[in-house]
Amino acid sequence: MKSKYLTLVALACAGIYGIAQNNIAEEVAWVVGDEPIYKSQIEEQYSQAQYEGTNIEGNPYCVIPERLAIEKLYLHQAVIDTVEVEESQVLPEVNARINLFIENLGSKEKVEEYFRKSIPEMREQLTELMKNQYTIQRVQQELTKDIKATPADVRKYFDSLSSDSVPFIPMQVEVQVISIKPTIPQAEIDEVKSRLRDYARRVNSGETEFSTLAILYSQDGSAARGGEIGFKGRTELLQEYASVAFNLTDPKKASKIVETEAGYHIIQLIEKRGDKINTRHILLKPRVSDKELTDGIMRLDSLRSDILDKKFTFEDAAPYVSQDKDTRNNQGLMINPKTLTPKFEMSQLPQEIAKEVDKLQPGEISNAFMMIDPSTNREIVAIVKLRNRIEGHKANLRDDYEVVKKMYEASAKDKILRDWLAKKINDTYTYIEEGWRNCEFEHKGWIK
């Protein structure tokens, strides 16, 4: 899958820039305004779709050029509306893509050999590609920004749906959690800090490159990239990390030790750009001892027994016992970050919680179990209560209002964009060469 993704990006880069460099000799298939669409562009996208196994509904030589023409209409509108996407807005993602290539292929040299382009050339090409994508998104957002869904709108939309159009909602659950973080022995913390001080000394003396130490020792997913995390704003970083990172000035030095909920870090500045900063770090996580984990399980099992004996409720205990900052003040109730509701499909829950919930009936509480905290990636101990289980069903307004509301908003936005496109097509000069016209296009008016 990774190799396929790399190949697709390579094809995209080669296609876009090969066309730009050789457009004099290119065969034009369409003209939109004063912008040509070349046959090679169409062939390039078709090859990508075939390689990826993407199904194209209809004749590819009709569908693909129409899609390219629509992109040009949006980009033209962006010029009219002075919608601009700065390079700095897409560079973090571009750098992340390139870092992923390096991670997958092993080195910058192997990436350049694979793509047959230098890293600076790849960065330039990906930046242009992604700027266009972001620009189109911004234009679409501007066109649909005034959509507001009232309950009456949602009900009217739902009532208009045919039976076949009402979606099936998979089984969902509402879950409450109480979790505690077992105490880490001070000796373990001292050992971690000692190691980090030694790494900082080796960097600051010039003995070893920070990135080398990160690759070897950091316990973070960024280790393979030499600890680099890409351009981030203050709000995208843990508060303690940001406070130190944004005060760094010397890119050759390592910071003091920084403690966050994820563990202990040392940080190195790479580059500051406006209100964003690119850093690399080494993260070490003190280990929880088996004794502390066992003690945590015994504590929560005792708490569960007290709840079952009706000494107090799960909801009463959560704010006093739980150390989960996201749920402790909400009676332990978990909120789905994708929907901002308490409803989760089983696949959306952390694996360990889903395993326990699957055994429970509504109102029941699990035995204590160990799990990895998704936000800090450290071991914690938890108990969960299944508050509610909603079996799979056809959507209805009582149980699934938010789902139907999103469907209505998507439908309303689609209508606005389709109406806009119809007018834009009508008002824009388009010409399609012979051999490319015999199509049933999704949108009317291309052939004048």
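Is K385 buried, partly exposed or exposed? K385 counts as buried, because its relative accessibility is 15%. Buried means under 20% relative accessible area, exposed means over 50%, and partly exposed lies in between (1.4 Å probe, protein chains only).

## The model and its numbering

This is a predicted model, where local features need pLDDT of at least 70, side-chain atom pairs count only at pLDDT 80 or more, and totals for chains, interfaces and linings use all residues. Residues are numbered from 1 along each chain as its sequence is written, and side-chain values use heavy atoms, with hydrogens and water left out.

## The whole chain

The chain has 448 residues, and buried residues make up 43% of them. It contains 14 helices and 13 strands. Helices (H or I, at least four residues) and strands (E, at least two) are DSSP runs, numbered from the N terminus. The C-alpha trace spans about 80 × 65 × 35 Å along its principal axes.

## Helix α6

Helix α6 covers residues 119-143, which is 25 residues. From first C-alpha to last, α6 reaches 36 Å. That is close to the 36 Å expected at 1.5 Å a residue. The expected span is 1.5 Å times one less than the number of residues in the helix.

Which residues of α6 are buried? They are I119, M122, Q125, L126, T127, M130, T135, I136 and V139.

## A negative patch

E84, E86, E87, E121, E124 and E128 form a negative surface patch. Helix α6 gives the most to this patch, with three residues. Patch residues have over 30% relative accessible area and no salt bridge; like charges are joined within 9 Å, and nonpolar side chains (Val, Leu, Ile, Met, Phe, Trp, Tyr) within 5 Å. Asp and Glu count as negative, Lys and Arg as positive, while His and the chain ends are not counted. Each charge is placed at NZ of Lys, CZ of Arg, CG of Asp or CD of Glu. The accessible areas come from the Shrake-Rupley method with a 1.4 Å probe, and for residues only the protein chains shown count as cover.

E84 is exposed, because its relative accessible area is 54%. T82 lies in the loop between α3 and α4 too. T82 counts as exposed, with 61% relative accessibility. Its phi is near 50°, a positive value in a residue other than glycine.

## Salt bridges

Side chains of opposite charge can pair when their charged atoms come close. A salt bridge here is a side-chain nitrogen of Lys or Arg within 4 Å of a carboxyl oxygen of Asp or Glu. How many does a search of the whole structure find? The search finds 21 salt bridges.

One of them joins K385 and E315, at 3.0 Å from N to O. K385 lies in strand β11 (residues 379-390) and E315 in helix α12 (residues 314-321), so the pair ties together parts that are 70 residues apart in sequence.

R437 and E434 also meet in a salt bridge, at 3.1 Å from N to O. R437 counts as partly exposed at 28% relative accessibility, whereas E434 counts as exposed at 61%. Salt bridges that share partners join D198, R201, R202 and E207 into one network. In it, the side chains of E207 and R202 meet at 3.9 Å, N to O. R202 counts as buried, because its relative accessibility is 17%.

## Apart in sequence, apart in space

I184 is in the loop between β4 (172-180) and α8 (186-204). It is buried, with a relative accessible area of 17%. I184 and S289 are 105 residues apart along the chain, and their C-alpha atoms are separated by 7.1 Å.

Helix α11 (residues 290-308) holds I297. I297 counts as partly exposed, at 23% relative accessibility. I297 and V381 are 84 residues apart in sequence, yet 6.2 Å apart in space, C-alpha to C-alpha.

M298 is also found in α11. M298 counts as exposed, at 56% relative accessibility.
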